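Have a look around before reading on.

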Amino acid sequence: MTTTVDTRPAGARRSRRTESERRDNRAGWSMVGPLVAIVTMVIVIPILWTFILSFQDARYSDVARNGLANPFTLDNYIDTLTSSGFWESIWVTVVYTVCTTIGSIALGYIAALAMRDRFRGRGIMRAAFLLPYVAPVVATAYVWKTMLNPQYGVINAMGVEYLGWDQGIDFLGREPYALATVIVYEIWRYFPFAFIFFAAALTGLSRDVEEAALVDGATPWQKFWHVITPQMMPVIVLLTLLRMVMTFNKFDDIYLLTGGAAGTEVAAVRVYDQLTGSSDIGAASANSVILAIILAIGLGAYMKITKRMSAS
Amino acid sequence: MTMISFQTTLFRVLKWVFLALLALTVIFPFYYMVVMSFVPIQDLLREPLTLVPEIQQLTVETYRQVVAPESEGGFGFARFMRNSAVVATAATLLTMVLAIPASYAMTRMRFAGSKKIGALFIAVYMFPQIIIAVPVFVGFQILGLGTSLVGLTIAYIALTVPVSVHMLRSYLRGIPESIDEAAMIDGATRWQIMRKITVPLAMPTIISTALYSFMIAWNEFLFALLFLSAKPELWTVSLGLTRLADGQEVSRTILMAGSVLITAPIILLYGLVERWLTEGLTAGAEKG
């Protein structure tokens, strides 16, 4: 069969190839089409719609009645950018994002290094380390709240009993403890994510260079700092990017722990309050768009810096 | 030389101290959650430092109360769990039906716009939930899907699809295309190849991806809060537990029992697929 195909003139062969291309085209779209349609419906259109709504003075009833036909205005942006609560929430969000990103990556990295060499029970320990990440956020948030309760929480009971505190500390209800506590919680919850990435990357690392460094008389610290860490840079860069994006708009953790009180009102919680509290959809949308822009600028700057650093 | 041996010893000691402390920090909250769910509330309030209660102290009364429906003076957790199971299962099945063919096509077929679709999925992966929450909430209200489990299921696809496509694609990329080509010479269509050859080969990854999607949907909180707050009979586990916590008269031990009930299925599923799951999530990390 194939020999007869090969002896056909060049033109016939080309049409045969385009026919198979056309077939792949049709099969390809039948395979990705439904997914693209759903993603368009639940992600792409909502994003575009947020953008339009942010230019309209729209409450929920206006949108239900008029759809997109509400008059256009810049008021939402002016109101958002001139309110002091907005800038404060951005500042809190930035502090929260930077601290938890650095904290969870550092902790995950140290944990992966500490568990690099095989030891008895390593498999179980590795599986256990992922628990904070896979467990439902609602459950872990309430356990933390119970443990940190000023009256009967075990942490405060220990502090009073063994550390000589006068009374329990309201970890989630008082500044500046509240912000520090949600940051610690977030690091606890997301270090496993960094941990599994580092563990996978360390497994793939060739030990030849390290052994050569040992022969040359490098100390363990030098080995860690000059041999292993540079090879981990791509993972660190990727994780920083992922964690920054995910944390910047994080809602549930803070909402569940403090509800945004005591200096922990991050941007996402603020958007939620605008949406449900005052059902001011226009303001919530403008707030979301500005957040997306700030995040995009932050990511752009981050990528530029890492590119320059890897070039030099 | 002494520097080397000094550091080696120091790091070895520090390593075990660190691992012990970290293990304690990770496991203690879960231990505390389980213990507190079995002690009577008076004991917790009187003796907050009791971490290893006596056997005769323990009670399962809390669980009975949590699970029982409201009509019997309980908190209706059995219903929350059923709702969550339905939504999470439906969202997972839909995600898989959509994501498997799409991932197959994206890894090994060149069709008009295939590159753009790859880029679209990376962009979508970066888009945070809170930004799409506003219009999805409003839009579904208008369509009449706002306060329903169907609407919630569709919204969950937005959360599970990007990461599922990512995991499936990175695995399918590793299956040699020569298998597909051989089958095509035998006259099989792309759909047949996918169903009969690729899906069986990729089964471990498909299962772990499906279970990861299930976990995302089961654990989800924001959409449930936006969509279902007004209708207690539709509450999922996350929302149900939050509403319990908001009630003043609900004791902490009840909350802990509820937390155990919503965490246990996830930990069971996770135990089944732990290894596959970590491999799927970190695929491509070694390459950077």
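## How confident is the prediction?

Chain A averages a pLDDT of 83, and 91% of the residues score at least 70. Among the elements of chain A, α5(A) gets the highest mean pLDDT (93), while helix α1 (residues 2–6) gets the lowest (43). Over residues 1–8 of chain A the pLDDT is below 50, and this stretch has five contacts in the model beyond near neighbours in sequence. Where pLDDT is low, the predicted coordinates should not be read in detail.

Chain B also averages a pLDDT of 83, and here 95% of the residues score at least 70. Which elements sit at the two ends of the scale in chain B? Helix α4 (residues 77–108) of chain B has the highest mean pLDDT (91), and helix α5 (residues 114–126) of chain B has the lowest (72).

## One helix of chain A, two partners in chain B

Two packed helices are described by the angle between their axes and the distance between the axes. Take helix α8 (residues 137–147) of chain A, which packs against helix α13 (residues 252–282) of chain B at an angle of about 150°, with the axes 9 Å apart. An angle over 145 degrees counts as roughly antiparallel, so that's the label for α8(A) and α13(B). Their crossing is left-handed. On the chain A side, V138(A), A139(A), Y142(A), V143(A), K145(A) and T146(A) take part; across from them are R252(B), L255(B), M256(B), S259(B), I262(B) and T263(B). Sorted by class, this contact of α8(A) with α13(B) has seven nonpolar, three polar and two charged residues.

Now the other partner. Helix α12 (residues 237–246) of chain B packs with α8(A) at an angle of about 25°, and the axes are 9 Å apart. Because angles under 35 degrees count as roughly parallel, α8(A) and α12(B) are a roughly parallel pair. From α8(A) come V138(A), A139(A) and Y142(A), and from α12(B) come S238(B), L241(B), T242(B) and A245(B). The contact of α8(A) with α12(B) splits into five nonpolar and two polar residues, with no charged ones.

## A covered helix in chain A

What covers the buried residues of α6(A)? First, the residues themselves: in helix α6 (residues 122–129) of chain A, the buried ones are R122(A), M125(A), A127(A), A128(A) and F129(A). Their cover comes from both chains: it includes α5 (84–114), α7 (131–134) and α10 (177–203) of chain A, along with α1 and α13 of chain B.

T95(B) lies in helix α4 of chain B. Is T95(B) buried or exposed? Its relative accessible area is 0%, so T95(B) is buried. Not counting residues up to four places away in sequence, T95(B) touches I157(B), T160(B), V161(B), S164(B) and S213(B).

S164(B) turns up again in the next stop. At 9% relative accessibility, T205(B) counts as buried, because the cut-off is under 20%. Leaving aside neighbours within four places in sequence, T205(B) is in contact with M167(B), L168(B) and Y171(B).

L10(B) belongs to helix α1 (residues 2–38) of chain B, and with a relative accessible area of 37% it is partly exposed.

Over in chain A, I52(A) is in helix α2 (residues 10–53). I52(A) counts as partly exposed too, at 28% relative accessibility. From I52(A) to M233(A), 181 residues apart along the chain, the C-alpha separation is 40 Å.

## Two backbone details in chain A

Finally, a couple of loops. A cis peptide bond joins E175(A) and P176(A), with omega about -10°, and P176(A) is in the loop between α9 (154–162) and α10 of chain A.

A262(A) is in the loop between α13 (252–257) and α14 (267–276) of chain A. Phi of A262(A) is near 55°, a positive value in a residue other than glycine.

Note on methods:
Residues numbered from 1 in each chain as written. Chains lettered and ligands numbered in written order. Predicted model: local features only at pLDDT ≥ 70, side-chain atom pairs only at ≥ 80, totals over all residues. Heavy atoms only, no water. Axes fitted to C-alpha atoms, helices over the stretch in contact; angles between N-to-C directions. Helix = DSSP H or I, 4+ residues; strand = E, 2+ residues; numbered from the N terminus. Parallel < 35°, antiparallel > 145°, perpendicular 65-115°, else oblique. Left-handed = near helix turned anticlockwise from the far one by under 90°. Contact = heavy atoms within 4.5 Å. Nonpolar A, V, L, I, M, F, W, Y, C, P; charged D, E, K, R; others polar. Buried < 20%, exposed > 50% of the residue type's maximum accessible area, 1.4 Å probe, protein only. pLDDT = per-residue confidence, 0-100.
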